[in-house]
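Below is a short briefing on one protein chain.

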Amino acid sequence: MAQSDQQRSSAAELAIEAAIPRPEPANIPPPTVKDFKLDTTAAVSDPGKTDATKTDATKAGATNAEATEPAAETVKPATEAAEPKNTVEPNPADVATTPPGEPKKDDAAKADAVKVDTAAAPAASPAAPAAASVAPAPAPASDAASITPAVTPPPAAAAAPTTTEPAKDVAKEPAQEPAKAASNVPPADQPVADQLKDLLATKSVHYFERKNERAAVEKFYGARDYAPVWTQAGNLTDVAKGVIARLKDAASDGLNPIDYPVPDFAAATTPDALAEAELKLTASMIDYARQAQSGRIHWSEVSADISYPEHPTDPNEVLRHVTTAKDPSAALDSYNPPQKLYQELKAKLAELRGQGSGPVIEIAEGPVLRYAPARGRRHPAIVMEDPRVPQLREKLGVEDPDDTHYDGKVAAAVRHFQEGAGLRETGILDAATVRALNSPKRNKQIDTVIVNMERWRWLPRDLGAPSLGDAYSILNIPDFTLKVMQYGKQVWKTKVVTGKPGIHATPLLTETMKYITINPTWNVPPSIVYGEYLPALQQDPTVLERMGLKVEYNHDGSVHISQPPGAANALGRIRFNFPNKFLVYQHDTPDKYLFAKSVRAFSHGCMRVQYPDEYASILLNIANPNEHYTPEKIRSMYGPDEIDLKFPTPIPVNITYQTAFVDNAGNLEFRNDIYGRDATMIEMLKNEHGKDLEAVVAHAQPSYSPPPRRAHYASENSWSSGPSFFERLFGGGGSYAPPAPVDRRPVYTQPRGFFTR
């Protein structure tokens, strides 16, 4: 008995040692299954044995059971031994059902197969037979505690690296692939989605040149698993039909449909063709939204004296807004300007195009036609007759189109036309009026309307201040008029004088008026100082003094010239301040006679207002309704000292260039292109098609430097660094005291526009 125990212990120890990988000497072959002899003396279970005998029999039975398990169950890779978390604990119920000493017949057959496979295994795999000894075997629950410590490898052994290869049966098991997330793409659209994913990964820059648009499209399609949005199972969706309809009607908004090509979905019969058509339509939609909102031409491409706030589209918002809208066509159309004046131009553009290709009514040259109303019985009305009158009646919309008499109705229509064309309002059909009636031609009219619609895209979508009833001031340079708008209606209108064509052109801009200055000091801009006043001072050293101007020489060599408040001040009595980079503003003027002219481009860039006291009272009542300002109250503040009246809420100021607009009576009006902005833009749109006109052009701002040597003039010299030029121009420099007013008026009694801003 003692000898049997000793033999069993030796067999168990051998099994444990075999389970521990050990480096083998190079001249000793690795152990094989023949090196181990299993103990079979307790193969038959006897219930009458002692507890010790049961334990020994259990050990032997466990060894035999392990030896009879198939290789797929008993041979474990070393990596699994190192991961005990995957080990399945035996069920005690299952352990109690099989007597430990009686292996099944099929198990015995399996054991023979294991022996054959093990013997045929390469000699370099010593762990294969050892694994059969260390795999846990089913055992009674009462004996599990005594068996487990004997067969569990030490931690060092479990963690040691091994070169053991898994058995052949294990290698035959297929590797499990990671589970894929469920796709939301319909099966019929999955091939197109796969092609979209591939195109966006490899060729997205081919369809979307702008980086932000490319990123937005990739994000948009990635969020929908690359499912197409314009087609379903190869058929156009309602969203696609709405977008295509809007793109094909781009001409109605003054845009060119060629710039927004619509792919032929009917010819796209394969997944790759559908995917390509999908991205092309997406690109056209994004291009339309961007150009409808900001314009085909960036304002900096036209001139350096234009500055409007940027309001680009967000391609992420465009994709989300249009593709989820109930009416995709209306959603895409919403990127066009919403202002009433734009919508009126759009309607007039449709009317012009609806006139067909027939000749426009032209009035032939001929004698001057006039109408004189009756003055009592002795002076009856003078009514001239001319064969051109029927054409004139038709062109101006006067009743009785066959009547050849130039009567009061025709004269009134001519007078209204002259007012809109910037001519003298006489009601007389003279040569200048005939030329204006015949120009521009229809194609030029259409081009003029289109470029005016383009300029509306530059302006902010909200022209006014929402908290003030959308109040704003809008000045039209070619029309020489200024309006105040509130609650969508015209509150007030007056005439203005604008800048001369060329370097003194009034800039186009949008800013906010922050305050009004009563009795302003005129700080002469550097352009006038170095371009006009200093050369004049060299010819006549006393000319500036006679005009009431003061000259200061700064330490840096620059010259500052100012004019104190007073009736003769070039700015008049009121200045309207909306600080901007062009250093221009609106103001009063002593040169009132210029407002009688039909064309009023005489200033150096600033805008002179005909009735500044009314303008000031209107704006102040909008900003401060409780103060009850009147023109009389404004005029009562005139004096030698500057007075600033600040707005609690700034009022937007929009300086525009409208050569075509619809007046309050619903008539389409045209004005002269005094600055050549129309010609420049028409040329760009017609002859530079395909060029990127949306790029921002950086213009150098004018820099006025003092002459290299300062001349000594016979006028007051006062050296001062003083506030900055901007502070001098718009105020705000609290430490700056304006020069004392000059008591005497200028010697020049005739107004001299040369010296005024």
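The model is predicted: local features need pLDDT of at least 70, side-chain atom pairs count only at pLDDT 80 or more, and totals for chains, interfaces and linings use all residues. Residues are numbered from 1 along each chain as its sequence is written, and side-chain values use heavy atoms, with hydrogens and water left out.

**Whole chain**
- The chain has 28 helices and 20 strands, taken as DSSP runs numbered from the N terminus (helices H or I, at least four residues; strands E, at least two).
- Of the contacts (heavy atoms within 4.5 Å) between residues at least 6 apart in sequence, 70% join residues at least 24 apart.
- Carbon and sulfur atoms hold 54% of an accessible surface of about 40000 Å², computed by the Shrake-Rupley method with a 1.4 Å probe.

- Strand β8 (residues 481–486) is largely enclosed by the rest of the structure, because 5 of its 6 residues are buried.
- Strand β7 (residues 472–476) runs antiparallel to β8 and is joined to it by 5 bridges; pairing requires that DSSP finds at least two bridges between the strands.
- N476 has T481 in β8 as its bridge partner.
- The β7 and β8 hairpin has 4 residues between the strands, and F480 takes a positive phi near 55° there.
- β8 also pairs with strand β9 (residues 489–499) in the antiparallel sense, over 6 bridges, and V484 stands opposite W492 in β9.
- In the hairpin of β8 and β9, with 2 residues between the strands, Y487 takes a positive phi near 55°.

**Residue N672**
- N672 lies in the loop between β20 (668–670) and α27 (677–687).
- N672 is exposed (over 50% relative accessible area), at 52%.
- Leaving aside neighbours within four places in sequence, N672 is in contact with P478, Y657 and T659.
- The C-alpha atoms of N672 and A421 are separated by 8.0 Å, although the two residues are 251 apart along the chain.

- The whole structure has 1 cavity of 30 Å³ or more, a cavity being a set of points on a 1 Å grid over the protein atoms alone where a 1.4 Å probe fits but cannot get out.
- The largest cavity has a volume of about 70 Å³, the space filled by probe spheres set on the points.
- Its lining, meaning residues with an atom within 4 Å of a point, includes Y308, L459 and Y657.
- Helix α22 (residues 442–456) gives the most to this lining, with 3 residues.

Note on methods:
Buried means under 20% relative accessible area, exposed over 50%, partly exposed in between (1.4 Å probe, protein chains only). On a 1 Å grid over the protein atoms alone, a cavity is a set of points where a 1.4 Å probe fits but cannot get out, and a pocket is an open set with protein on both sides within 12 Å along at least five of seven lines; lining residues have an atom within 4 Å of a point.
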